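Subject: Structure handover

Hello,

Here is the structure we talked about. Please open it alongside this note; the findings follow below.

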Amino acid sequence: MNKHRNMKLKKYLILLVLLFSILISCKSSDKKTVHQNIEKQTNEIFDSLVEIRRNFHEHPELAGNEKRTSKIIAEYLSNLGLEVKTGVAGYGIVGILKGGKEGKNIAWRADMDALPNDFPDEVSYKSKNKGIQHGCGHDVHMAIGLGIAQVLSKNKESIKGTIYFIFQPEEETFVGAKNMVNSSLFSEMNIDEIYALHVTALPVGQIMVKPNELYAYQKRIQIKFNDKFSKEDAGILYNQIKSEILRKKDGANPWEIPKAFDSIIGLSNPNTIFKDYLFMEENFVIEEDNNQLDIKAYLYETNKSNLPNILPKIEEIISKSEYKDKFISTSFIQENPTVLNDKLLTENAINTLTDIYGSKSVVMNYGQIPYFNDDFFYFQQKTSGVYFLLGGSNLEKGINAMNHAPNFGVDEECIRVGVKSFSSLILERTNSE
């Protein structure tokens, strides 16, 4: 009797396992089809996104003046059927895509402003606004943001929750994100997760990310002396301080920023030179006013816990120098926070992208980049978020996407990579628990 009952139970268990396997297989097949469609839809709109990017590139606008840019973005999002909010913290735009079901509130952010420079730009669609250029890649960011909105609007019924497409002004001046998060609209959105990217000098097609700090902590220091301290003495002492507080890995120089994207010693190497460092810039400013002399300079530190030790260390160096009687005080006069990626969301994003587009679609970042930063950190102070680096360089084509540098260029294939990858990621995040 027991033997018969056990055989029956075994058959039921086998049947349940088979049914479960079939359900998993169907779900996996459906998921694969969805992302194949996303890739197909991205390819269909790619040429039009390149045109939009080139339009932005020809008509760049400085921080706080993104009027034309804002109008184009608002019309584009409206034509997709999104609810559009304009005039957010200046020329900011928010497009709202409501999914077919209730769920999370996910945001994607793209910055809009250009740079004040006249660097060489060897393209047929170069800037028509003298002294202004998209030399940081924000034109690419906007094209990708619009592309993601277009693709996901076609997959509206598969989305649980609401997606907010935030087009932010004034990133280069570090006030745009702060103004947007302080707006009443941002509070009403109640965002659960936020994502963004920055195109840079990685190989095209490569997406790089890491949890926690993406950039080094940047501080501007001021050291005050009395009027008996000469400019010559200031230069001697600054170089002494710079030398004594220096911390770097294996004798390498992490301040040589092009090396950050080197395939051997760069960010993708677990032993990269771009981690565990502290250095002060070669350039410093000397100012004389009110019977005193000030030294001002920037320094970069990767370890947050070391920050409180920097000023005491500098004071100790000065106290042992021949200039100690001329010293007044030292302080940080500029302290921006740094981009800080949520650990769990970063891990989820890596797993999602590699599951859909393969193990080579995402490269781990093992270091922190000096000099650069992004006011996206103000969004991350309000809600969990992840900020990615997107490769835009193609050395075979002579394209180097080193931001803020002469002859900055972008292989526009990165637009295709950005749209398909992050459309898939956002869709998966809206359907996650």
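Start with R54. Its relative accessibility is 33%, so R54 counts as partly exposed. Keep in mind throughout that this is a predicted model.

**Salt bridges**

R54 pairs with E412 in a salt bridge, with the closest N and O atoms 2.8 Å apart. R54 sits in helix 1, while E412 lies in the loop between strand 15 (384-393) and helix 10 (413-430), so this pair ties together parts that are 358 residues apart in sequence. Is E412 buried or exposed? Its relative accessibility is 11%, so E412 counts as buried.

Now look at R53. Its side chain meets that of D139 in a salt bridge, at 2.9 Å from N to O. R53 belongs to helix 1 (residues 2-58) and D139 to helix 3 (residues 138-153), so the two tie together parts that are 86 residues apart in sequence. Both R53 and D139 are buried.

A further pair is D250 with K249. Their side chains form a salt bridge at 3.9 Å, N to O. D250 is exposed, at a relative accessible area of 69%.

Which residues do shared partners join into one network? They are R53, R54, D139 and E412. For the whole structure, the count of salt bridges is 26. As background, side chains of opposite charge can pair when their charged atoms come close.

**Helix 8 against helix 10**

Two packed helices are described by the angle between their axes and the distance between the axes. For helix 8 and helix 10, the axes come within 10 Å and cross at roughly 120°. Helix 8 is therefore oblique to helix 10. Their crossing is right-handed.

Which residues meet here? Helix 8 brings L345, N348, A349, T352, L353, I356 and Y357. Helix 10 brings K420, S421, F422, S424, L425, E428 and R429. By class, the residues of this contact divide into seven nonpolar, four polar and three charged.

L345 is placed in helix 8, which covers residues 343-357. Its relative accessible area is 7%, so L345 is buried. Leaving aside residues up to four places away in sequence, L345 touches E193, Y195, S384, G385, V386 and R429. To place L345 against another part of the chain, take I96. The two are 249 residues apart along the chain, and their C-alpha atoms are separated by 22 Å.

**Helix 6 against helix 7**

Helix 6 spans residues 231-245 and helix 7 spans residues 307-319. They pack at an angle of about 130°, and their axes are 10 Å apart. Helix 6 and helix 7 are therefore oblique to each other. Which hand does the crossing of helix 6 and helix 7 have? The crossing is right-handed.

From helix 6, the contact takes in L237, Q240, I241, E244 and I245. They meet K313, I314, I317 and I318 of helix 7. The residues of this contact divide into six nonpolar, one polar and two charged.

**Strand 4 and T162**

T162 lies in strand 4, which covers residues 160-168. Is T162 buried or exposed? With a relative accessible area of 12%, T162 is buried. What does T162 touch? Not counting residues up to four places away in sequence, its contacts are I96, L97, K98, K104, N105 and I106.

**Positive phi**

Two residues to check by eye. A89 is not a glycine, yet its phi is positive, at about 55°. A89 is placed in the loop between strand 1 (83-88) and strand 2 (92-98). At 23% relative accessibility, A89 counts as partly exposed.

F174 is not a glycine either, and its phi is positive at about 60°. Where is F174 found? In the loop between strand 4 and helix 4 (176-181).

Best wishes

Notes: Residues numbered from 1 in each chain as written. Predicted model: local features only at pLDDT ≥ 70, side-chain atom pairs only at ≥ 80, totals over all residues. Heavy atoms only, no water. Axes fitted to C-alpha atoms, helices over the stretch in contact; angles between N-to-C directions. Helix = DSSP H or I, 4+ residues; strand = E, 2+ residues; numbered from the N terminus. Parallel < 35°, antiparallel > 145°, perpendicular 65-115°, else oblique. Left-handed = near helix turned anticlockwise from the far one by under 90°. Contact = heavy atoms within 4.5 Å. Nonpolar A, V, L, I, M, F, W, Y, C, P; charged D, E, K, R; others polar. Salt bridge = Lys/Arg side-chain N within 4 Å of Asp/Glu carboxyl O. Buried < 20%, exposed > 50% of the residue type's maximum accessible area, 1.4 Å probe, protein only.
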